[in-house]
Structures are given as C-alpha cells and as structure tokens.
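Let's take a friendly walk through a protein model together. Please have a look at the sequence and the 3D view below before reading on.

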Amino acid sequence: MALKSGVITGKKLPCEMYDKINYMCRRFMDRMGRVELDYNFIVDAEAFKTVTSAFLEKAPVFRSAVVWHPISPYWRVSDYNIDDIVTTETPENLTKAKQKFFLREIPLDSNIQINIALFYSEGRTSICFIWNHMCMDGGGYKSFWSDFCRNYTDYVTKGINPANFSDGSRSYTAVYSDFNKKDKAKAKRLFTVHSVKDKHKFPFTPECGNSDVVIVTREIGKEIFGAAKETSKKAGATVNDMLVASYMDAYGKITGMGADESLNVSCAVDLRRYIKDLSRIGYTNHVSFIHCAVARKGAAIHETLRYVSEVNEKTKKDPFMGLHGLPLLNFGYKSMIYLQAEPVIKMFYNNPFLAVSNVGALDAKALSICGNEPCGVFVAGAAKNKPYAMLTALTLNDCLFLSMSVRGNDEDRKILERFFDEIEKSITELSRQQMPAPRTKAEEWKKDNAKW
C-alpha cells in the first residue's frame, strides 16, 4: 500500500545542474551508487522502514521519477510502497544475495531512486544500498547515513519522531555561499578548466556488447595501510597522494608503461570543503575533478609518490580548486533548452579515462546504530563503460577498502584482479620502505635549472 505523504504526489522538483550532469553521464556509466555497512546486531526491520519513510518525506527526490523534457528535465514526486524500497532477507548464501542486489540498476522512470536491503545472518545485519547517482554522491551518502543512524537510534531508544533529516538546497550554487563578495565573484567567473591531454586507457578487453556489471574489491589491513600512511606522511604525502601513486604504479605494471612516460589520473574533489555549515544543504552531489598529471611516472612507487605529491601540492594552493568549469556548465544548461544543451556539453565534457574517488574516512561513532558501530563496509561507484576506470576508496577503523566497477566480462574481472594485486603490492612496499625526504628548495632549484 502506498504511504500517505506530506509531500504532494505529482509535484515537480527541478533537475539541478549536477542531476543533469549525471543524467548526461548515462553514456559513460550505469549511474548507480553502491554501499554496504555491516553491524553485529539485528536491525529492527519495521523501525528501519519507519525511519526510511521519514527520510523520504524530507528528501522527496528519492521517491521521484525522472521525466525527460526537451526544454528541461524534472523530477515528479511519486507514490511508493515502503516494501519496494526496503527489503529483508535471511539468505542461505549471503555472498550471492548481496552480489545479486548490487548488480541491479534502478530505471530512470522508476518511482523510487533508492533500494535498501537488510540481510540477516548469524546475528548480524548487512545493510546494502543502491541509489541513482543523480540524487547524491559519496559525500551526500555519508551525510544521509549519519542522519539516518541518529534518527533510528533516537526513535528506537527514546521514541523521538525521526524527522531530523536535511531538507536544504540541492543546488550547486550552495558551494559559493560562504565566499566573501570578492572571491564569490571570482569563483563564478571560472569558466575555463585546465585540461590535460593524456590518451592512456585501462587495458580492458574490446567492447563486444555482451557486458555485465563486474565489481572487484580489495581490503588492505590496518597494519599495512597504517604503516604505508605513516611512511607517506613523513615524505609530505597524503593518503590521496598514496592512492593516486599506487594507481599509477599498478597501471604501469599491467600495461608495461615506461618509467619516463607522462601519465594523468584525475581525482574527485568534494566541494563541501567550501561550505561551512553542511546542515544547510540537502542530500545531493557536490563533486568535481582535478588532474594529477606527472611528467614522468617513475620507476618505483616511492618515486611516483614523490611526483604525485609535488603535483597535488601545487594544485592545492589554488583557493578555488575544483570550481573551475562549473560556471560554464551552468551557463550551458541555462542558456539553451535541454535538447540543445546535452549534445553541446557532451562535446566539451572531459570524462577522465583514469580516476580515483577517495570517499575518505568513515566516522564509526557517527555511523553507530543504538551503540553498535559498523564492523564492515563495501563501497563501489557506478559501473563505468569501458575504457573508463575509476578506483573508489574509503577507510573504516584504519582499514582501507578499494573497489572498481565496470561493465565488462570475465576477462575484464581478471584484469582488475591483477590490477588490485599490483596496488596491494605498491602499498605493501610503501609500508616496508623508508621514503626519501621531500626535496629542499635548493634541490628543487637545482633540478629545475639543470638544463641551463
């Protein structure tokens, strides 16, 4: 039975700029975000459904259908059955049940844009999510799930109405709200974006039109990851630097790429860094990409890490990092009807062949349910169409979790497994190896002026 709602069924919600970008990117990916969090207790299904319904009242985009329109697509709020959104199961084969869940795809014209499954096994609950990426990114999910866990806990333990969800703006313009007048004007004039010409592609098998969603994951334990992180930190490199360098090092090994070749791996940037009060915004997308283009990949992981760190350090000095190009995208959608805008923007939109999306560290306490912290996690971004290849990463309890998803076949799975083997070797090598200290200014001057 469809639930009665405070939100008017049939109401139109605007497709925001990022909604349209992710809609356009259906040619590059399946648009599905995927997350699993495991808890060592049994989550009450009826209470969970009650809190989910409360969430959908504050965030109606998740219970809406995408309506294509030649002038401007929009969301149409729809009736829904909570049992179509939240399902429960005690499967005989937990692994297969979760795999089947994550291989699904939510149609654009569906009346619901998120599916949640509660899988019970041996006193444990695996909470699995799949949602339309048009609705929110990884940063949006972290905010949503933190709010959900707090609402669920208060509802179950204190009987408090679970209405404390965000209903703020989903517009990309929220990113400018906390800039002063001068910087806001500058940021809104950043029409051009620095592009990098790099034709390196992931060595998938040729497209044959017979593709399934292939998801490969890898977990790096806290001992190895912690040691590698500490080694990188002493060398002036961040975890994100380490992930990009490991990607480059592994890519070089599976492709036979030369040490002297240049390489670019793009990095996702969460633009929420510019928003002081995140409670003002709704669950949405606020992400952009920056380039990490090294002139020389390097012969070994420690050398690659140094190059990556130096490039990223220069990029981070830009006070508007990640904001370049957004005004142009907005202008494109605003100045033309959608039927014209999509093909024009496609011509200029640079979807990176090689990329890293670091979701970051999950706050186990913030994601605890009735005092139970998550004990396991899985995350996978949208399944990319070949040859696009994005590595997704996050950390929980000092362990590193990596994944990559692609529309491919069994041979592509083997290629990804080998890639992850090499990434693990790179990170393990960093955990065992003392990194050279960062170059001094004198050394940098000497190298930069060696040709003279």
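## A covered helix

In helix 1, the buried residues are Met-17, Tyr-18, Asp-19, Lys-20, Ile-21, Asn-22, Tyr-23 and Met-24. Buried means under 20% relative accessible area, exposed means over 50%, and partly exposed lies in between (1.4 Å probe, protein chains only). Helices (H or I, at least four residues) and strands (E, at least two) are DSSP runs, numbered from the N terminus.

Before we go on, note that this is a predicted model, where local features need pLDDT of at least 70, side-chain atom pairs count only at pLDDT 80 or more, and totals for chains, interfaces and linings use all residues. Residues are numbered from 1 along each chain as its sequence is written, and side-chain values use heavy atoms, with hydrogens and water left out.

Helix 1 covers residues 17–24 and is mostly covered itself, as 8 of its 8 residues are buried. What covers these buried residues? The cover includes strand 1 (12–14), strand 4 (74–77), strand 10 (287–294), helix 10 (326–335) and helix 11 (338–348).

## The open sheet

Now to the strands. Strands of a sheet pair through backbone hydrogen bonds, either parallel or antiparallel. Here, an open sheet of 5 strands runs in the order 5-6-7-2-12, with mixed pairing; two strands pair if DSSP finds at least two bridges between them. Strand 5 (86–89) and strand 12 (376–380) are the edge strands, each pairing on one side only. On average, neighbouring strands of this sheet are turned by 15° against each other, direction ignored. Such angles run from 0 to 180 degrees between N-to-C directions, with axes fitted as lines to C-alpha atoms, for helices over the stretch in contact.

Inside the sheet, strand 6 (residues 114–121) pairs with strand 7 (residues 124–132) in the antiparallel sense over 8 bridges. One example is Asn-115, whose bridge partner in strand 7 is Ile-130. Helix 4 (residues 94–102) packs on the sheet and touches strand 2 (32–39), strand 5, strand 6, strand 7 and strand 12. The direction of helix 4 makes about 15° with that of strand 7. Contact means heavy atoms within 4.5 Å.

## Rings that meet

A pair of aromatic rings is described by the distance of the centres and the angle of the planes. Rings of Phe, Tyr and Trp (its six-membered ring) pair if their centres lie within 6.5 Å; planes under 30 degrees apart count as stacked, over 60 as edge-to-face and the rest as tilted. The count comes to 34 aromatic pairs, including these two:

| Pair | Centres | Planes | Type |
|---|---|---|---|
| Phe-28 and Tyr-349 | 6.5 Å | 25° | stacked |
| Phe-129 and Tyr-141 | 5.2 Å | 70° | edge-to-face |

Phe-28, in the loop between helix 1 and strand 2, and Tyr-349, in the loop between helix 11 and strand 11 (354–361), are 321 residues apart, and their pair links distant parts of the chain. Is Phe-28 buried or exposed? Phe-28 has a relative accessible area of 6%, so this residue is buried. Tyr-349 is partly exposed because its relative accessible area is 24%.

Phe-129 lies in strand 7 and Tyr-141 in helix 5 (residues 138–158), so their pair ties together parts that are 12 residues apart in sequence. Both Phe-129 and Tyr-141 are buried.
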